[in-house]
Amino acid sequence: MEVVIVPDAKAGGALIAGAMADLLRRTPDALLGVATGSTPLPVYEALAAQVRSGSVDTSRARIAQLDEYVGLTADHPESYRSVLRREVLEPLGIGMDAFMGPDGTAEDVQAACEAYDRALTEAGGVDLQLLGIGTDGHIGFNEPCSSLVSRTRIKTLTEQTRVDNARFFDDIDQVPHHVITQGIGTILEARHLVLLATGEGKADAVAATVEGPVAAVCPASALQLHPHATVVVDEAAASKLKFADYFRRTYVNKPDWQGI
């Protein structure tokens, strides 16, 4: 696992967007796994700026969804499909025909989960999966004590998560109780995992992910098992890392051609 400490969220976004752009130059039809939330927005903004400048071509790029609410139609403004269309697809000039996501309105939700897992494999797998992290160490909607070999499945939201997400809805009663999420085992099949964490509130989770044991109580710690995992953190999120100075020296002395 490589840990890169950056000054702030904007710098982290630019670094990851640069890695995505390099990937698309090598593999124009790369499948990018994306996450929702406020943390990855600097990544999408920086990549969109490169698209506008003409430095990268996204016309053949494909986008894969990490998770989705159960019960919200695809055109609901707060479905993650709609959010990603606004925040990722449209700014990058990518059409919905290049988008992959689970069907949150399927009558048989379990079958929809299994179908999405198969679809990711049949598409050749995710080339780069962008991840955020919760204060409790969750990735996607894999809450603490999720199986480290779990596949795409339905999960019940904690009440705290529903309260946290209520700000996007008129009231908490409109927040779904269930989501479809890629499992940890599914996530680990991506060729490159990039986790972005910013803010002091994520410091404990980052330390547990990077320096703690691999344990289901901190789902993100499973990234330690991946052959190409990159954790990008700002100074605040890195504040609990015991080996922060080592991580800084390692990155400063890394050959430029290696990228992240």
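**Cores, sheets and aromatic pairs in the predicted model**

Of the 32 residues in the largest nonpolar core, those that touch the most other members are Val3, Leu195, Val233 and Leu241; a nonpolar core is here a set of buried Ala, Val, Leu, Ile, Met, Phe, Trp, Tyr and Cys residues joined through side-chain atoms within 4.5 Å, and buried denotes under 20% relative accessible area, exposed over 50% and partly exposed in between, with a 1.4 Å probe and protein chains only. At least two residues of this core come from each of β1, α4 (109-122), β9 (192-197), α7 (203-211), β10 (229-234) and α8 (244-252), and α7 gives the most, with 4 residues. Helices (H or I, at least four residues) and strands (E, at least two) are DSSP runs, numbered from the N terminus. A second, separate core of 30 residues includes Ala17, Val34, Leu47 and Val194. In soluble globular proteins, nonpolar side chains tend to be buried together.

The model is predicted, and local features were therefore taken at pLDDT of at least 70 and side-chain atom pairs only at pLDDT 80 or more, whereas totals for chains, interfaces and linings use all residues. Residues are numbered from 1 along each chain as its sequence is written, and side-chain values use heavy atoms, with hydrogens and water left out.

On one side of β9, strand β6 (residues 128-131) runs parallel to it and is joined to it by 4 bridges, with Gln129 having Leu193 as its bridge partner in β9. The pairing of β9 with β10 is likewise parallel and extends over 5 bridges, and Ala197 stands opposite Val233 in β10. Strand β3 (residues 62-65) pairs with β5 in the parallel sense over 2 bridges, and Ile63 stands opposite Phe99 in β5.

Because 6 of the 6 residues of β9 are buried, this strand is largely enclosed by the rest of the structure. His192, Val194 and Leu196 point one way from β9, while Leu193, Leu195 and Ala197 point the other way. In a regular strand the side chains alternate between the two faces of the sheet. Not counting residues up to four places away in sequence, Leu195 touches Leu131, Gly132, Ile133, Ile139, Ala220, Leu223, Thr230, Val231 and Val232, where contact means heavy atoms within 4.5 Å.

A further open sheet, of 3 strands, has the order β4-β8-β7 and antiparallel pairing. Strands β4 and β7 (153-156) stand at its edges with a single partner strand each, so one side of each is left without a neighbour in the sheet. The twist averages 30 degrees from one strand to the next, with axes taken as lines fitted to C-alpha atoms (for helices over the stretch in contact) and angles running from 0 to 180 degrees between N-to-C directions. Strand β4 pairs with β8 (residues 178-181) in the antiparallel sense over 3 bridges, and the bridge partner of Glu68 in β8 is Ile180.

A search of the whole structure finds 4 aromatic pairs; rings of Phe, Tyr and Trp (its six-membered ring) pair if their centres lie within 6.5 Å, with planes under 30 degrees apart counted as stacked, over 60 as edge-to-face and the rest as tilted. Tyr69 and Tyr80 form a stacked pair, at 4.6 Å centre to centre and 25 degrees between the planes. This pair links distant parts of the chain, since Tyr69 lies in strand β4 (residues 67-69) and Tyr80 in helix α3 (residues 80-92), 11 residues apart, and both tyrosines are buried. The rings of Tyr246 and Phe247, with centres 5.8 Å apart and planes at 55 degrees, form a tilted pair, in which Tyr246 is partly exposed at a relative accessible area of 47% and Phe247 is buried at 12%. Ring pairs also link Tyr69, Tyr80, Phe141 and Phe169 into a cluster. Asn165, in helix α5 (residues 159-165), is in contact with Tyr69, Tyr80 and Val175 when its neighbours within four places in sequence are left aside, and counts as buried at 11% relative accessibility.

Definitions and conventions
Pairing = 2+ DSSP bridges.
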